[in-house]
Amino acid sequence: MTLTEPTLAPPMAPSTVDMAQIFAAHAARAARIEALRPGNKDRLFDGLMAAGITHVTVTFDGAGDSGQIESIGAWSGETAVEFPATEVEYAALTWDDPEVEMRQLSLEDVVEQLAYDFLSDSHGGWENNDGGWGEFCFDAAARCIHLEFNERYTSSELFTHDF
């Protein structure tokens, strides 16, 4: 009888990834981002009011792994108006830097950024599979943001018959 070397690779060493630490870091980052939102909303609403814009509507649609904002409209009462060239400060975190970055963005860009942020937070994956669509209303006078979200889904029903 001949002794041969084993041909199977040895088992992998146990993982050294600390998932609890990863989740804790993610939660801490999410909390920091959430803490920046009230200031970003205040600066946006102040800028909209100064420009005479009473509300902004944002429509979006997504499915099949892609989604986008379809339109952003500014209104003064019942009259559609153009966004002014006004810029406001927007506080953001980047992935590679723990410090808050203050960006100068147009009013329209801040609306777009907040809409994507709120969609991601409230309906993560809204653009995947059957997707979703809807509309935001940024009410400058009431200083609130309202979202109407419609979710698409595939349904199937089983019918059995005995004849």
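This short report looks at one proline and a group of aromatic rings in a predicted model.

Let's start with Pro 84, which sits in the loop that runs between β3 (79-81) and β4 (87-94). With a relative accessibility of 28%, Pro 84 counts as partly exposed, because that label covers values between 20% and 50%.

Which residues does Pro 84 touch, once its neighbours within four places in sequence are left aside? The contacts are Ala 51, Ile 53 and Leu 107. Take Ala 51 as an example: 33 residues separate Ala 51 from Pro 84 in sequence, and their C-alpha atoms are 7.0 Å apart in space.

## Aromatic pairs

Now to the rings. The structure holds four aromatic pairs. In one of them, the ring centres of Phe 60 and Trp 126 are 5.5 Å apart and the planes meet at 80°, so this pair is edge-to-face. Phe 60 belongs to strand β1 (residues 55-63), while Trp 126 lies in the loop between α2 (107-122) and β6 (132-139), so the pair ties together parts that are 66 residues apart in sequence. Both Phe 60 and Trp 126 are buried.

Another pair is made by Phe 136 and Phe 138. Here the centre-to-centre distance is 6.0 Å and the angle between the planes is 45°, a tilted arrangement. Phe 136 and Phe 138 are both buried as well.

## A cluster of rings

Which residues do the ring pairs link into a cluster? Phe 60, Trp 126, Phe 136 and Phe 138 belong to it, together with Phe 149.

How values were computed:
Residues are numbered from 1 along each chain as its sequence is written. This is a predicted model: local features need pLDDT of at least 70, side-chain atom pairs count only at pLDDT 80 or more; totals for chains, interfaces and linings use all residues. Side-chain values use heavy atoms; hydrogens and water are left out. Helices (H or I, at least four residues) and strands (E, at least two) are DSSP runs, numbered from the N terminus. Buried means under 20% relative accessible area, exposed over 50%, partly exposed in between (1.4 Å probe, protein chains only). Contact means heavy atoms within 4.5 Å. Rings of Phe, Tyr and Trp (its six-membered ring) pair if their centres lie within 6.5 Å; planes under 30 degrees apart count as stacked, over 60 as edge-to-face and the rest as tilted.
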